[in-house]
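Here are my notes for you, as numbered points. Have a look at the chain first, and then we can go through it together.

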Amino acid sequence: MIRILAFFMALGLGLSLAAQSDAKDRNRLYSVIFAVDVDAQGQITGFNVEKVIDPKSGSTAAVNVPVPDVYIEAARKKAAASAKAGEAKRYFTYYFFDPRFPGSADVFPGR
């Protein structure tokens with residue numbers, strides 16, 4: 001009887017920890033780093049995902065998180081809104097990515 005009770009207590013604890021881990025992963029924000037090419041008229045001519053990182057890890061190592069096309073398009077629109085005419089250049093920028101809101105590039109931590 002005690003073994004059965006201990007088994008179910010261990011099972012319940014394991015399931016509880018697994019649920020907490022899944023909730024943390026769903027609530028995690030990632031940084032998507034983009035390479036942006038702009039022409040002299042301020043038009044974006046290239047916009048590519050360079051890598052995705054997990055800012056909470058304290059590392060700049062890439063993580064394997066798929067970035068949906070709808071997010072890339074939203075980020076491109078955000079970058080285009082701040083592009084200015086001048087000289088052609090390439091720069092790097094990042095936007096936060098929340099997998100719960102794949103179409104939004106307007107995610108800010110702490111909000």
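1. Let me start with a pair of residues across two strands: Ile-33 stands opposite Lys-51 in β2. Strands here are DSSP runs of E with at least two residues, and helices are runs of H or I with at least four, numbered from the N terminus. Please keep in mind that this is a predicted model, where local features need pLDDT of at least 70, side-chain atom pairs count only at pLDDT 80 or more, and totals for chains, interfaces and linings use all residues. Residues are numbered from 1 along each chain as its sequence is written, and side-chain values use heavy atoms, with hydrogens and water left out.

2. How many bridges join β1 to β2? There are 8, and the two strands run antiparallel. Val-38 has Ile-44 of β2 as its bridge partner. The two strands form a hairpin with 5 residues between them, and Gly-42 in the turn has a positive phi of about 85°.

3. Now to the sheet as a whole. It is open, with 3 strands in the order β2-β1-β3 and antiparallel pairing; strands pair if DSSP finds at least two bridges between them. β2 and β3 are the edge strands with a single partner each, so one side of each has no neighbour in the sheet. On average, neighbouring strands are turned by 25° against each other, direction ignored.

4. The helix α2 packs on this sheet and touches β1, β2 and β3, with its direction at about 125° to that of β2. Axes are lines fitted to C-alpha atoms, for helices over the stretch in contact, and angles run from 0 to 180 degrees between N-to-C directions.

5. Beyond four places in sequence, the contacts of Phe-34 (heavy atoms within 4.5 Å) include Val-49, Ile-72, Ala-75 and Tyr-95.

6. Finally, a look at Lys-89, which lies in strand β3. Leaving out residues up to four places away in sequence, Lys-89 touches Val-36, Asp-37 and Val-38. The C-alpha atoms of Lys-89 and Val-36 are separated by 8.2 Å, with the two residues 53 apart along the chain.
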